Amino acid sequence: QAYQQPQQAYQQPQQAYQQPQQPQLFNPVAPPAAAAAPAPAPTQFVPPQAAQAAATPASPPPAAPAPASPPPNISIETADVSKVDQQLQSAVAVLKESYQVCARALEGNPGKKREVQDNSRRIGILFWKLNNGDVKPSVKSALQEIAKALAGRDFATASKIHISLTTSDFDECGVWLTALKRIIKTRQQLNL
């Protein structure tokens, strides 16, 4: 009984809780709330997606763009060259032949197998770009000169043109210039 306390001490006064009123937001464009006419009640429910679609004018679907990057498994053997300019067909043929000469010369060297595969992929990317018309005229001209030098076994000239491409158009040619350098170097070293 000493531990019993009057129950009044623990009882909280029960008052009605009223949520405080939210202040009205100020909108400088809208008229004061008292002057604003009540909005008419909507007669039909319109989902937000449908309302947005109705507000946006229909536009024709975009044309299918050309692929921005070559297929991941591209190689010199799989690259399509059917649309390459007629003037560049001989350069493509010389580059294919130069690649094949180097691949045959290095096939007995297991350490060079990856390099040969990488060359195939990189030259395949060059052919893909040529086929899509994604190469500047100045680069096309340089490729023709390199092919002419390789066909004539003038490796010094081919190397000079390659170096000029690295300084003038590396952003465009960087992917495949490495393979071209390897091919020129291999043919020069092995005198092929």
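Predicted model: local features only at pLDDT ≥ 70, side-chain atom pairs only at ≥ 80, totals over all residues.
1. Setting aside neighbours within four places in sequence, W176 touches R122, I123, L126, K129, V139, L143 and L165, where contact means heavy atoms within 4.5 Å. W176 sits in helix 6; helices (H or I, at least four residues) and strands (E, at least two) are DSSP runs, numbered from the N terminus. W176 is buried because its relative accessibility is 1%; buried means under 20% relative accessible area, exposed over 50%, and partly exposed in between (1.4 Å probe, protein chains only).

2. Residues are numbered from 1 along each chain as its sequence is written, and side-chain values use heavy atoms, with hydrogens and water left out.

3. Of its 192 residues, 30% count as buried. Among contacts between residues at least 6 apart in sequence, 73% join residues at least 24 apart.

4. Helix 2 (residues 86–106) and helix 4 (residues 137–151) have axes that come within 9 Å and cross at roughly 50°. Axes here are lines fitted to C-alpha atoms, for helices over the stretch in contact, with angles running from 0 to 180 degrees between N-to-C directions. Helix 2 and helix 4 are therefore oblique to each other; angles under 35 degrees count as roughly parallel, over 145 as roughly antiparallel, 65 to 115 as roughly perpendicular, and the rest as oblique. The crossing of these two helices is left-handed, meaning that the near helix is turned anticlockwise from the far one by less than a right angle (right-handed if clockwise).

5. In that pair, Q87, L88, A91, V94, L95 and S98 of helix 2 meet K140, L143, Q144, A147, L150 and A151 of helix 4. Sorted by class, the contact of helix 2 with helix 4 holds eight nonpolar, three polar and one charged residues. The classes are as follows: Ala, Val, Leu, Ile, Met, Phe, Trp, Tyr, Cys and Pro are nonpolar, Asp, Glu, Lys and Arg are charged, and the others, Gly among them, are polar.

6. Helix 2 also crosses helix 6 (residues 170–190), at roughly 60°, with the axes coming within 10 Å. Helix 2 and helix 6 are therefore oblique to each other, and the crossing is left-handed. L95, S98, Y99, C102, A105 and L106 of helix 2 make the contact with L180, I183, T186, R187 and L190 of helix 6. The residues in the contact of helix 2 with helix 6 comprise eight nonpolar, two polar and one charged.

7. Side chains of opposite charge can pair when their charged atoms come close. A salt bridge is taken as a side-chain nitrogen of Lys or Arg within 4 Å of a carboxyl oxygen of Asp or Glu, and by this rule the count is seven. One of them joins D118 to R121, with the closest N and O atoms 3.1 Å apart; another joins R122 to D118, at 2.7 Å.

8. D118 and R121 both belong to helix 3 (residues 113–131) and are three residues apart, about one turn of the helix. R122 and D118 are likewise in helix 3, four residues apart, again about one turn. D118 is buried at a relative accessible area of 17%, and R122 is buried at 18%, whereas R121 is partly exposed at 32%.

9. K129 and D134 also form a salt bridge (3.8 Å, N to O). K129 counts as buried at 16% relative accessibility, while D134 is partly exposed at 41%. Salt bridges with shared partners link D118, R121, R122 and R182 into one network.

10. A backbone point to check by eye is R153, which has a positive phi of about 60° although it is not a glycine. R153 lies in the loop between helix 4 and helix 5 (155–168). With a relative accessibility of 39%, R153 counts as partly exposed.
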